[in-house]
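The following dialogue shows how several features of a structural model may be read. Each answer gives the general idea and then the case at hand.

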Amino acid sequence: MPSNREVYAQFFEQESNEVLNLVQNIDPSIFCKQLAKDKAHPLWLFGHILGANDTMIHIFCCGGENLLPKEWGTKFSPDF
């Protein structure tokens, strides 16, 4: 039976691959277009989700190192 860490690592890899497969055929010009007034554009949302996944799954659950560039933390964090 796989450990929790192995399950989370497999989940992280599968989810990352699925997102890459989904976005590879999307017209890049729409990534910076807001989908609704006062809402973040898709590029920011993807960056935020990737950062959350990296922190919660890869680092916290699997004990890995940060995979994303350090500057992504400020680029894709909420602006409180």
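Q: Does Asp-38 count as buried or exposed?

A: Relative accessible area decides: buried means under 20%, exposed over 50%, and partly exposed in between, with a 1.4 Å probe and protein chains only. At 65% relative accessibility, Asp-38 is exposed. The model is predicted, so local features need pLDDT of at least 70 and side-chain atom pairs count only at pLDDT 80 or more, whereas totals for chains, interfaces and linings use all residues. Residues are numbered from 1 along each chain as its sequence is written, and side-chain values use heavy atoms, with hydrogens and water left out.

Q: What is the phi of Asp-38, and where is the residue placed?

A: Most residues other than glycine have a negative phi. Asp-38 has a positive value, near 65°, and lies in the loop between α1 and α2. Helices are DSSP runs (H or I, at least four residues), numbered from the N terminus.

Q: At what angle do the axes of α1 and α2 cross?

A: Two packed helices are described by the angle between their axes and the distance between the axes. Axes are lines fitted to C-alpha atoms, for helices over the stretch in contact, and angles run from 0 to 180 degrees between N-to-C directions. Here α1 (residues 4-23) and α2 (residues 42-61) cross at roughly 165°, and their axes come within 9 Å. The two helices are therefore roughly antiparallel, a term for angles over 145 degrees.

Q: Which residues of α1 and α2 meet?

A: Contact means heavy atoms within 4.5 Å. Among the residues of α1 that meet α2 are Tyr-8, Phe-11, Phe-12 and Glu-15, and the α2 side includes Phe-46, Asn-53, Ile-57 and Cys-61. Asn-53 counts as buried at 18% relative accessibility; not counting residues up to four places away in sequence, Asn-53 touches Phe-12, Glu-15 and His-58.

Q: How many disulfides are there?

A: A disulfide is a pair of cysteine sulfur atoms within 2.5 Å. By this rule the count is zero. The sulfur of Cys-61 lies 6.1 Å from the closest cysteine sulfur, in Cys-62, which is too far for a bond. Cys-61 is partly exposed at 24% relative accessibility, while Cys-32 is exposed at 53%.

Key
Angles under 35 degrees count as roughly parallel, over 145 as roughly antiparallel, 65 to 115 as roughly perpendicular and the rest as oblique.
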